Amino acid sequence: MNRTILNAGMILCGEQLTPMENGSLIIEDGIIREILPREARDALSIEDAEEISLPHMTLMPGMIECHNHLCIDATLPEHLELLAWSNECQLTLLALKGLKEDLMSGVTTARCMGDKYYIDVTLKKLIEDGKAEGPRLLAAGIGMKGSHGAGHIGMPHCGTEEIRRTCRENLKKGADLLKLFITPGVPDPFSTFVPSFLSLEEISVAVSEGARLGIPTAAHCIGGQGLKDCIDGGVDVIEHMYMATEQDVDRLASSRCVVDLTSGIFLDPSREEFLSPANALKVRQNRSRVRENVSRIIKARLPFVLGTDAYHGLLYREVGYAVELGAAPVTAIQGVTSHAAKVCRLEDRIGKLENGLEADIIAVKGNPLKDVSRLSQVGLVMKGGVIYRQP
């Protein structure tokens, strides 16, 4: 039996991240077997265990990145345009680099939201087989957009039968979710109108194809008519929502949809230098209203999770933006732990520190419930009981 004991200054326990000071966590064969106060652990006689002492650190669940792309590295100049000409080999090298950065930053699970050449599906299987290193992956395979849609990541489709065909191919390849691209990513800074590139019928077909195999559907959607169609069509998760109006918030509140926020694309000025001049200008012009719109979602207490959209290794910044826009620190951290696990449909395996769950655990300096920037100071990373980073 492979046994590890982690002794820490604090452990954040369960879905509510309830603090336990001076606790011990016992892991056996990759599973959390017991969480107990340090004095109770000292009273036990445990042999053949690797024991790690982290007196000034907090143990918490491994973070879950809910919006990632393996074939995009947002730290490369004009990285969106690179997708237009990069081949499979080049994109795979980018993916391997991003996977390492994510894992070392404390991301133990990542939800991949559409990649070229089925790179996400392939790497997911390689990681599961121990042939590649990285977070546990949920793969969307080939994303679907309208034939007149925006962006370089989704593949163009026209009509319900083309959508159905790609859905079935994705599902046959082993996709864990289906991804639709409904609207542009960056709104026109001088208009409140949001174009929509897939019809309600096309959206509904994708949702139906996934649902018949128990697979959820997510939609890149910043608002407008596209949001109404996603809700009416049965989409499970709405990605981005930069243009959320009060009416959009009301629609979301009366639906079963969860919102996946990627606020840093607009709020993090460090991303501008890696965009084309035209895109960087649009980001700056939209920043203030995106801040207002996303804060509207958070202040309405709509359920949300968080993702970086390919800013690998920097998920902690999204937690900080959520707090900045009105979320309580514990709610923001749940957006990358227990709430995120529910969106991934993995809440019975990961997302919280509880007996019987898989040992996806990170240790950060200090108390992240008081200062979420502590999530940037990851000292230990464990996935499935295997240590990948240690102080």
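View 1. Cys 66 is accordingly in no disulfide, its nearest cysteine sulfur being that of Cys 344. Cys 344 is buried, with a relative accessible area of 7%, and Cys 66 is likewise counted as buried, at 0%; buried means under 20% relative accessible area, exposed over 50%, and partly exposed in between (1.4 Å probe, protein chains only).

View 2. The side chains of Glu 15 and Lys 342 meet with an N to O distance of 2.6 Å, where a salt bridge is a side-chain nitrogen of Lys or Arg within 4 Å of a carboxyl oxygen of Asp or Glu. Glu 15 is partly exposed at 23% relative accessible area, and Lys 342 is partly exposed at 41%. The structure holds 24 salt bridges.

**View 3. Glu 28 and Arg 33, a salt bridge at 3.7 Å.** The distance given for the side chains of Glu 28 and Arg 33 is from N to O. Glu 28 is buried, with a relative accessible area of 17%, while Arg 33, at 43%, counts as partly exposed.

**View 4. Glu 161 and Arg 164 within helix α5.** The closest N and O atoms of this salt bridge are 3.3 Å apart, and both residues lie in helix α5 (residues 160-173), three residues apart, or about one turn of the helix. Salt bridges that share partners join Glu 161, Arg 164, Arg 168, Glu 209 and Arg 212 into one network. Glu 161 is partly exposed at 45% relative accessibility, and Arg 164 is also partly exposed, at 23%.

**Notes to all views.** Residues are numbered from 1 along each chain as its sequence is written, and side-chain values use heavy atoms, with hydrogens and water left out. Since this is a predicted model, local features need pLDDT of at least 70 and side-chain atom pairs count only at pLDDT 80 or more, whereas totals for chains, interfaces and linings use all residues.

Conventions:
Disulfide = S-S within 2.5 Å. Helix = DSSP H or I, 4+ residues; strand = E, 2+ residues; numbered from the N terminus.
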